[in-house]
Amino acid sequence: MEFLRSRRTFRRFEQCPVAPEILTEAVDAARIASCGNNRQTLKYIIVQSPESVAAIQPLVHWAASLPPEQGCPKPDEQPVAFIAVLQDERLPGCSDTDVGLALGSLTAAAWAHGVGSCMMGSIDRPALTRLLDLPEGITLRYMVALGYPNHHSHLVTAQNGDTKYYLDDARDYCVPKRPMEEVLLKTL
């Protein structure tokens, strides 16, 4: 449970590269994740060259709950890698559940090496599709930003039902979670 509590979303990163084998292991964790009827309709692209990472930066949007000056990483805090999560629409049985399971496995595998991540759905899909040169039938679902975090992110109890994350005085993320008695309706 401590591993799961510490695996939060990170949006500011140290400017040191992540070893390619860690990124490949994260994709492998996504590859072997459970999926409906074992259809395996997801594909991935690792983006790690500084030039390619820099080209992606303006096409992703950060921390919608915060003002841009607080939520967007500064130039010396940008992620050092991305993994594109793609759906192969040519295969039967595409599923949002499969995407979620893959994202959870991918980010957990990265965090096992101290690599933080941010799953990004607010992205410029048409521009990224062109930049990644995706073939017909392959659809971009998410971008995952990766790097070694240079801030903390911790859980706090939601107050009055407010679940919007915020920054504390140290610019660390506070992530409100509803208490267990609010989400576990009953045990039969």
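Before we start, a definition: a helix axis here is a line fitted to C-alpha atoms over the stretch in contact, and angles run from 0 to 180 degrees between N-to-C directions. The model you are looking at is predicted.

**Exercise 1.** Find out in which order the strands of the open sheet lie, and which strands form its edges.

*Solution.* 
1. Trace the four strands across the open sheet: the order is β1-β2-β4-β3, with antiparallel pairing.
2. Now look for strands that pair on one side only: these edge strands are β1 (42-47) and β3 (116-120).
3. Compare the directions of neighbouring strands: on average they are turned by 25 degrees against each other, direction ignored.

**Exercise 2.** Work out how β3 is joined to β4.

*Solution.* 
1. Locate β4 at residues 138-147; β3 and β4 run antiparallel, and five bridges join them.

**Exercise 3.** Describe how helices α2 and α5 are placed on the strands and against each other.

*Solution.* 
1. Begin with α2 (residues 20-31), which packs on the sheet and touches β1, β2 (81-88) and β4. The direction of α2 makes about 170 degrees with that of β1.
2. Move to α5 (residues 96-111): this helix lies across β1, β2, β3 and β4, at about 20 degrees to β4.
3. Bring the two helices together: their axes come within 7 Å and cross at roughly 145 degrees. The crossing of α2 past α5 is right-handed.
4. List the residues that meet: Glu25, Ala26, Ala29 and Ala30 from α2, and Ala102, Ser105, Leu106, Ala109 and Ala110 from α5.
5. Sort the residues of this contact: seven are nonpolar, one is polar and one is charged.

Terms used:
Residues are numbered from 1 along each chain as its sequence is written. This is a predicted model: local features need pLDDT of at least 70, side-chain atom pairs count only at pLDDT 80 or more; totals for chains, interfaces and linings use all residues. Side-chain values use heavy atoms; hydrogens and water are left out. Two strands pair if DSSP finds at least two bridges between them. Contact means heavy atoms within 4.5 Å. A crossing is left-handed if the near helix is turned anticlockwise from the far one by less than a right angle, and right-handed if clockwise. Ala, Val, Leu, Ile, Met, Phe, Trp, Tyr, Cys and Pro count as nonpolar, Asp, Glu, Lys and Arg as charged, and the others, Gly among them, as polar.
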